[in-house]
Structure formats: structure tokens, C-alpha cells
Amino acid sequence: MASEKELTLLKEFTPQIEHTNIKQTVWMIFLAAVIVLGFYALYVQITEGHIVTGMRDNVVWGIYIVNFIFFMGISYAGALISGTLHLFKAEWRKPIIRIAEFITIIALLIGPCYILLCIGRLDRLYYLVIFGRIQSPITWDVIAISTDIFGCLIFLYLALLRDIAAIRDFQEIRIPKWKRKIYTFLALGYTGTPEQKERLHKATDIMAAMVIAIAVIVYSVLAWIFSVTLQPGWHSTIFGPYFVIAAVFSGCGVMIVVMWLFRKIYHLEKYITIKHFVNVGVLMLILAALFGYFTFSDYLTKWYGSERNDELLINLLFDKYYWLFILSNYIGVLLPMIVVGIKKFRTINNITISAIIVILALWVNRYLIVVPTLESPYLPIQDSRPAWIFYNSTWIEWALTAAGVAFFALAFTIGSKLIPIINVSELAESPQEEEKILE
Amino acid sequence: MNQYNPGPMKKVITIRFFWLTSLLFLISPILSAQNEAETEENEPVDTYLSFIATYTSNDTVVLTAHLFIRRERIPVDLQNAPISFTASGDGQQLTIGEVFTDSTGKARCLIPTTSLPRDKEGMVTYTADFSGTDNYFSASEVFISKPAALDVSFYEEDSIKYIRVSGIQTGSEGDDAPIANETVLLFVPTLFAPMPVGEIYLEEDGVGSMEFPMTLIGDSVGTIMIIARIDENDLFGYVKGGSSCNWAIPKHFLKQDKPTRELWTPVAPLWMIITLLILLAGVWGHYVYAVVQLIKIKQSAKKESA
């Protein structure tokens, strides 16, 4: 049965679950409209072919793959943050851990969709299973991502179970019968007996450790898709850890922005405090330093080696992509360091603004990894025209990108309407610690 | 419980922060725009033309002109530019025609050598000319050479296989003469660049030979093309000839002794399969454990309610 503290907390959060105000309805309609636009773009792409995108013979990957890497990155970051905080029993995590869990699963559902958008013949997708070779990094990625999706779903379910049971037991909540039935079904009859608690605790601990391990492996596999090829800029031994660091870095940014939004929308100032922003901000600062170190190390060795194609790539980055390179690798790295590192800048709004810039910078970073490399291949293709060599994204690609972001926001909004965005059961677990957690 | 309540000082810091960020964003494009402005020029650009004539078999010559400009010392090809070709000798001039450069900046033209005007020594002066536009200066290049031909043949002697190359310099009135005391390079065409396989020295009679390299790999029946080339010669410029034989090793004789990492091999290396199985078993084993715990939670709830 739900404890008294749980019920008190639930009383506070039930309005989010019971009612949807006009602002929220308009917001959801807007997001749905963006998703519909994305579907229209998808229809155009399927009927007219990939010629409607900017992808051509040389640059065969564009912003779809960038979005794929980006969404998978923030998903792994969510898994790493929630898993690590859970394992190390960081008490301050309790109000924000659900946000990390939601980020993990929602981003993980969106990311692989962008891979499907890159495929010209979707009707032949099953060939991957029939003719798939274990030697192919693409096969590794398919196996890794599907394994990751299952793992994250189990972890999320374990984390939600006690709150689902608490909602089931909370009689004052006014929700339709069918919704209550779903809660009853999903709660698995959990009543919080010592045996159930122990089993849940064991399973959650194991899955927390697993999601950390899987997140590292899966994102490394994603990095290896690039680094096992001999393309200039990709063939790097540090790409695995570099991608993992970049993923957690961008995930911290997304986490801070989502924390800020929910804090504002649901008036969670009491629960999500400056302490949480600073703690995640410090994590972001450390990751910014590591990301900067990896980036510098990667480009320094390429530049010093003076290999012809690496030089061409670096010239391209400092010429055509100069401004994006500065945003990605200088502003995106230095800004969180300045904001979080210098105490007087360390405010909630400042940390959030720097997180927004980090998200933009990390998206651009992935773009700079994918596109300029493909624009400077080792072998020239015959009869190549500038339009075939250089990449220019189209409205189709941007519409589908916007649809992905809209789906992320919509799923978060709907998720917060089904389950409290603050982990009620964990927060109620140690009332004497509450002051420390929320201070 | 401390609630977050930004005071006036923090608001000032936030505003300053906005300014700092905006400034960072503004400065970079301004600096970058200044750089661009410095390099921007309105005057026509110098063009460069490289031009060669390559004699091939069947009394033909391929004229190849490459037009480009230099941007920060890096050559950039000029596409769609008209190049006029002419041939002259002994006061006569023949207009060959105009060809537009392709996407690699090259204009090619193939003509027979029989009707070309020559000087007293049998030399032909080829000219490639780009007349220029409002944006690009004109460029012109001359290439002087004597028509020649290389013939490649194969023969077997005492069970040893040989490649024979004979070189002929062609006169204007059928007075052909051997290409003597010259080195000919031999190549095998590959997907990207010709692979050198040896050299032959042409004797006084214009003929030379070398043993056929038995390690060469051909197609499925062992057919291979041997190309003979004279490059950058003072008299003949570029001369090229070739012929095929079926003395190479047929491709299907090659077989792999063990699985490799290539995608088309049916079986992956054993270490890869073992690693993948260990990883998957480890991960999915833990998933099963977690699901079993959930099932047991459900069962204990049933027992309790019963």
C-alpha cells in the first residue's frame, strides 16, 4: 500500500494527471501539427524518392544521420545519468531521475526512425535480417539498438512500478475507469511487501548497471560505424569514448532544459531547485572539459600528421564550416565552463541558456563529423557536379527533423500526464532526508 | 525548504550573461565577414591550361586540355569552358574544332593523324586555346610532337611466354621508321590507376621484349590487357598502345582459406561470433533475471490476495 507521504505527494501531482488545461491542449495540438507536417514530408520522400533530400552520390548521409546520432546520444546520456545516480544512491537525484528515464526511452524510440529515413528501399529492410552479416558494423548497430531498447524499457518499467502502484491505490484521483484498470494491470499487484521490495530493488540495481554498460557499448558501436571506415576524419581510435562523452554531454544539456521547462510549467520550484541545476551543471562542466580534450586531441593528431585528405578536411572545417566549427568546438565547450565554473554566473537561467547552446553545439558537432568528411572523399567520382559533391539539406529533411523534436516534446507531455514527473515513491522513501534532497 | 527566488542581483547577472553570449555570437561572423571581404576581388581571374597529345593505335591522337584556376594555390577546375584545338606545320594550319570542358575541367578530342599538317621534320604543332570571358583571362598552350605508334604482341619460345613491343614513328608520306633506343613502360589497367608491370628497351629495329609476369591476375578466364606507354618523350610526347592475352591467372583460382572480415564472406571470424555471443548472453541473461523478478512480484501479490 502507498505510504502516507506518498499519498501527500500524489495529491500535489494528481492535477497534472487529472486535468489538461487549454494551454497544454493548444501545445499538444501544435506538436501534433508539426508531426503531421513531418508525415507529409515523409509521404513526398517515399513517393518521389530520395532526390527530394540533399543526399547524393558523395554525401550519402545528411541531417537524418545527424539526428539519429543526436537522439541516440541523449538517450544513452539519460540511461547513464539515471543508472549512475541510482547505483551511487545520490539522494539529490530523486526529483529529477524520472526526467532522465523519460529522456532515455523517448529519445531511443525516435533515434532509429531516422535511420529508416535514410534507406532508399524500405521494402527491402528485411534483407538486413535475411542477408545480414555479423562482420558488418550496421548489423552490430541493429543488434545493439534493439537490445538497448528492451533494456531501457525494462529499466523504465521497474522505475515506474512503485508510482503506478501508488496511483492505483490513490482513491482520490479522478481518472476514467479504463485508465485505472491500466494502472492496476501495470502495477502487477505490487503492495510493497518486504519480499516485493527486495525483488524490485535487486532487479532495479541490476538493470541500472546494465543500462550503463549497454549505453557505453551501444554508443561505442555507433562510433565504430564511422571509425572502422578509412574516411578522413572518421578513422580514429578515440571515436568510441569521444562519442560516449559527447552523448552524455548533450544529454546533460537536454536534461537541464527539460528540468527548466517542467519546473516552470508544473511549478516544481519546490522540488527542482538550484541544487539540481548546479549538480547537473557541474556534470556538464566536467563533460565539456573532456569533450574539449577529446576534440583537440583528435584534430591535433590529424593536423600534425599532415595526411593529405585530413588536411583537406581540416581546411574545409576552417573555411566553409568555420562558423559552425567555432560554435561546436569553442563556444559549446567554453560557455558551460564559464557559466558553471564562475559562481556569480551560476543561476538557473544562465545554466539553462548554456545548456541550450550546448545542445545546439553538439548537434552541429555531429553535422561536422558526418557531412564535411563525405564532402572530401579519398577517391573522386567521375562526372561529379558540385550539387552531387556538396550537401544542401532540403525542407523535407528539416520537416522530419522538426517532427522528431515535436514527437520528443509530445511524448514528454503525454508521459507527464500519465505518471508524475517527479519520482513520488523514491522521494517519499526517506522523509527525514527530504530537506537535504530539496535544499 | 529553500525555494528558488531570483533576486535583483541575479537578474542583472542574467542580463549580463545574455549580452556576453550575444556578443560572442556577433563577433565571430563579423570577423569572418572581414576575412571574406579582404579576399573578395572583382577583377578577372588568371586561368591555367595544361595540354598534351597522346598517340594511340589506329593512327589517332587524343588531345587533352585541362583548364583550371588557382584559389589560394589550390587548383580549381573550370567546367563548361570552350577550348579550340588547332594543328599546324610548315605554314599550314588546320582548325580541329571546339570542345567544352567537363566537370573535371578537361576537354578531349580524338582525331586521325593521317591528314595533319607537318613541318619538314614530320613534327605537328598542336594548340589549345581558351579565349577567356569577363571573369576569366584567356590561356593558350602548345604541344609539339611527332606522330608515333606502339604495337603490343605476345609470343612463346621454349615454353617461356614473352611480351613484345614494337615502336614506329610515322612519316607524312608513309615513310615509317622504327622508334629506336627508347624505354617503354608496361602497365596493367586496374580500377583506379594503371599498375606498372615492367619496362622494355626498344633496340635499333624498334622492337623489344620481356618475359610475361606469370603472377598477374586476369579475369575469370585469365584474360588481361597489357598497355605499353612512352611518357613525356622529347620527340614523341605521349604514345600508347595495348593488347590482350589470356596468360594471366584466372580470378576464380583464388580462394580464401579462412573467414575474413569482408562483408561478402559467408562466415564471420570465430572471435567475432564468440564475442557477440558472450555479450548478448550476458546482457539478455540479466534482462531475463529482471523479468523473472517482476513475474515473482506478480506471483507473490496473487498469493497474498489469496
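User: How many Å separate the centres of domain 1 of chain B and domain 2 of chain B, taken over C-alpha atoms?

Analyst: This is a predicted model, in which local features need pLDDT of at least 70 and side-chain atom pairs count only at pLDDT 80 or more, while totals for chains, interfaces and linings use all residues. Residues are numbered from 1 along each chain as its sequence is written, chains are lettered from A, and ligands are numbered from 1 in the order in which they are written. The domain assignment of chain B, with bounds from an automatic or database source, gives domain 1 (48-145) and domain 2 (148-251). Taken over C-alpha atoms, the separation of their centres is 27 Å.

User: Which strand of chain B gives the most to the side of domain 1 that touches domain 2?

Analyst: The contact (C-beta atoms, placed from the backbone, within 7 Å) takes twelve residues from domain 1 of chain B and twelve residues from domain 2 of chain B. On the domain 1 side, strand 1 (48-56) and strand 8 (139-145) of chain B each supply at least two residues, where strands (E, at least two residues) and helices (H or I, at least four) are DSSP runs numbered from the N terminus. With five residues, the element that gives the most to this side is strand 1 of chain B.

User: How many charged residues does that side of domain 1 of chain B have?

Analyst: The classes are nonpolar (Ala, Val, Leu, Ile, Met, Phe, Trp, Tyr, Cys and Pro), charged (Asp, Glu, Lys and Arg) and polar (the others, Gly among them). On the side of domain 1 of chain B that touches domain 2 of chain B there are four nonpolar and six polar residues, and the charged residues number two.

User: Which residue takes a positive phi in the hairpin of strand 9 and strand 10 of chain B?

Analyst: Strand 9 (residues 148-157) and strand 10 (residues 160-169) of chain B run antiparallel and are joined by ten bridges, pairing being assigned where DSSP finds at least two bridges. Within this pair, B:Glu156 stands opposite B:Lys161 of strand 10. The hairpin leaves two residues between the strands, and a positive phi near 50° is taken by B:Asp158.

User: In strand 11 of chain B, which residue is the bridge partner of B:Gln169?

Analyst: Strand 10 of chain B also pairs in the antiparallel sense with strand 14 (residues 207-211) of chain B over five bridges, and there B:Ser166 stands opposite B:Val207. Strand 10 of chain B and strand 11 (residues 177-178) of chain B likewise pair antiparallel, over two bridges. In strand 11, the partner of B:Gln169 is B:Ala177.

User: What percentage of the residues in chain B is buried?

Analyst: Chain B has two helices and 16 strands, and 56% of its contacts between residues at least 6 apart in sequence join residues at least 24 apart. A residue is buried if 20 or more other C-beta atoms, placed from the backbone, lie within 10 Å of its own, exposed if 12 or fewer do, and partly exposed in between. Of the 306 residues in chain B, the buried share is 21%.

User: Which helix of chain A gives the most to the side of domain 1 that touches domain 2?

Analyst: Chain A is divided into domain 1 (1-228 + 398-430) and domain 2 (231-379), and their centres, over C-alpha atoms, are separated by 22 Å. In contact are 36 residues of domain 1 of chain A and 35 residues of domain 2 of chain A. Several helices each supply at least two residues of the domain 1 side, among them helix 4 (97-118) and helix 8 (194-227) of chain A. With twelve residues, the one that gives the most is helix 3 of chain A.

Terms used. Two residues are in contact if their C-beta atoms, placed from the backbone, lie within 7 Å.
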